[in-house]
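Grab your viewer and a pencil.

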Amino acid sequence: MGQITRSEKDSVEKRSSAALDFGAAWEYAPAPEATDHIRIDPKYELFIGGKWRAPRAGKYFQTISPSTEQVLAEVAEAGAEDVDDAVKAARQAYDNVWSKMRGAERAKYIFRISRAIQEKARELAIVESMDGGKPIKESRDVDVPLAAAHFFYHAGWADKLDYAFQGRPHRPLGVAGQIIPWNFPLLMAAWKIAPALACGNTVVLKPAETTPLTALLLAQIIEECELPPGVVNILTGAGATGAAIASHPDVDKIAFTGSTGVGKRIQKSIAGTTKRLTLELGGKAANIVFGDASLDQAVEGIVRGIYFNQGHVCCAGSRLLVEESVHDVIVRKLKDRMMTLRLGDPLDKNTDVGAINSKMQLGKIRELVEAGEQEGAERYSAPVKLPEKGYWFPPTFFTGAGQSCRIAREEIFGPVLTIMTFRTPDEAIEKANNTMYGLSAGIWTDKGSKIFHMATRLKAGVIWGNTYNKFDPSSPFGGYKESGFGREGGRQGLLAYTDVE
Ligand code: NAP
Ligand code: MG
């Protein structure tokens with residue numbers, strides 16, 4: 001079963017060289033998204049209490065496009081005093097308006113936000129790709145529609161919480177402080193704000209330093225939707241801004257998505273308080289391919305799991321566990337597919353792999369890749385031409401890495417895959433679970449029973465069967481172990497914003 005035959009090997013090799021010729025003969029013409037209809041202001045202020053306000057200390061920082069290094073805008077840096085103002089505004093809005101409003105009324109506002117995101121989908125997708133470097137295919141087809149879907153889905157819950165909690169008495173928590181990373185800037189904002197509002201909480205949200213623009217466009221949308229002032233406050237800033245939100249005494253709940261290191265720091269900073277906390281942290285997902293799987297489909301899933309979006313996905317399938325008998329054929333098919341990946345301008349509709357989000361992130365990826373080479377693993381990088389300006393890394397994989405290698409243990413958060421093998425389902429489970437993380441996993445096999453057998457033994461919050469990186473607002477998302485705790489999305493996600501007796 002799954003044994004690679006001589007003739008199959010030859011045909012894969014032939015296809016590999018054919019892919020090279022094919023690539024050269026069928027170069028796609030550039031198909032860039034137009035940006036002339038996009039409005040990015042030269043300077044953005046803080047959105048507090050329904051008004052745009054300068055930061056008290058008068059500090060601003062620049063956000064750039066990582067694909068061109070061009071400065072896009074100056075953005076306000078919120079200090080501790082601004083955080084205090086925002087929390088006060090959120091408290092007032094909570095006490096006087098939002099917590100008293102009927103669920104059906106709250107739902108109207110949340111539906112309105114969803115509709116406005118759909119109406120501005122093109123603008124949001126373009127700005128997302130400019131500010132963060134991800135391909136327009138991803139921001140247009142994944143991030144923005146899912147952001148709208150999260151508001152839509154949660155609007156539906158706002159007047160049905162009695163059903164969600166099966167008639168048990170429940171109440172909102174109060175003011176939620178929300179801190180999000182740079183890999184899905186708009187989607188993470190939607191993912192956090194929508195359930196908080198649906199459950200009757202008010203919000204102070206901080207986007208990441210390198211990707212503040214779509215959260216600011218969302219603030220404009222919230223303003224246009226005429227939400228009562230102070231229900232949503234958006235504070236741009238750096239790590240210190242996030243720390244000030246997390247440690248503010250009048251914040252009732254912290255929702256954090258980001259690195260395990262910062263998550264632990266936040267956990268320590270709120271120890272001994274009554275603040276509620278949910279943490280969505282890092283991952284080192286195992287994508288497990290059995291010999292009986294449809295191998296071409298699996299290779300497509302592997303590529304989707306690690307190369308689309310530059311591997312900037314916390315649940316990226318960054319460890320590929322392949323049944324030993326099909327290792328060689330998978331490696332060859334993967335090389336074939338990598339030949340056809342197009343890396344470059346994130347605004348080009350044909351681009352599969354965009355820019356690395358920041359110089360700092362590129363440095364981290366390079367460091368771990370060097371560590372992989374030094375530890376004796378064999379590296380293969382797709383022969384792509386990297387643009388001269390901006391931050392780029394070619395789609396890469398390692399073979400021959402031991403489980404103790406850094407590239408097999410640490411989150412790389414880049415387009416870098418570590419391929420290892422297994423012989424039995426038990427060995428696959430043991431290797432997949434041999435990590436401090438537990439966010440996600442993938443299983444590829446033609447046996448449904450094998451998927452269920454594996455899924456109940458894998459210590460991962462999200463498990464995909466014969467697919468990868470699929471998301472839906474009705475499906476709870478969250479981790480095990482050092483990938484964090486709490487669930488976001490689905491009925492379970494409402495618990496993170498509600499006190500249920
Ligand atoms: P990060 O450094 O932890 O940053 C996340 C957010 O926290 C940013 O807004 C950041 O602000 C802020 N922050 C930094 N220091 C802080 C502090 N001391 N107190 C409070 N907030 C602070 O993570 P990242 O490098 O931006 O993002 C990559 C990481 O996020 C990866 O590990 C990835 O796995 C994880 N991630 C997890 C999920 C999930 O759902 N589990 C989703 C996406 C990403 P600045 O940007 O201004 O520094
Ligand atoms: Mg940026």
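Predicted model: local features only at pLDDT ≥ 70, side-chain atom pairs only at ≥ 80, totals over all residues.

**Exercise 1.** Find where ligand 1 sits, and work out which elements give two or more residues to the shell around it.

*Solution.* Start with the pockets: ligand 1 is in the largest pocket. Next, go through the elements: helix 9 (239-247), strand 10 (253-257) and helix 10 (260-269) each give two or more residues to the shell. Then zoom out to the domains: domain 1 (43-280 + 481-500) and domain 2 (283-465) each supply at least three shell residues.

**Exercise 2.** Sort the shell around ligand 1 by class, and pick out the residues that come nearest.

*Solution.* Sorting by class gives 16 nonpolar, eight polar and five charged residues. Of the 29 residues around the ligand, the nearest are Ile-180, Trp-182, Ser-259, Leu-281 and Glu-411.

**Exercise 3.** Track down polar contacts to oxygen atoms of ligand 1, using a cut-off of 3.5 Å between N or O atoms.

*Solution.* Now check the backbone: a polar backbone atom of Ile-180 is 2.7 Å from an oxygen of ligand 1. Gly-237 also qualifies, with a backbone N or O atom at 3.3 Å from a ligand oxygen. To finish, look at the cover: on its own, ligand 1 has 890 Å² of accessible area, and the protein covers 89% of that.

Key
Residues numbered from 1 in each chain as written. Chains lettered and ligands numbered in written order. Heavy atoms only, no water. Near = heavy atom within 4 Å. Polar contact = N/O pair within 3.5 Å; in protein donor to acceptor, adjacent residues only side chain to side chain. Areas by Shrake-Rupley, 256 points an atom, 1.4 Å probe, with all protein chains shown as cover. 1 Å grid on protein atoms, 1.4 Å probe; cavity = no way out; pocket = protein on both sides within 12 Å on 5 of 7 lines; lining within 4 Å. Sits in = over half its atoms within 2 Å of the grid points. Helix = DSSP H or I, 4+ residues; strand = E, 2+ residues; numbered from the N terminus. Nonpolar A, V, L, I, M, F, W, Y, C, P; charged D, E, K, R; others polar. Domains from an automatic or database assignment.
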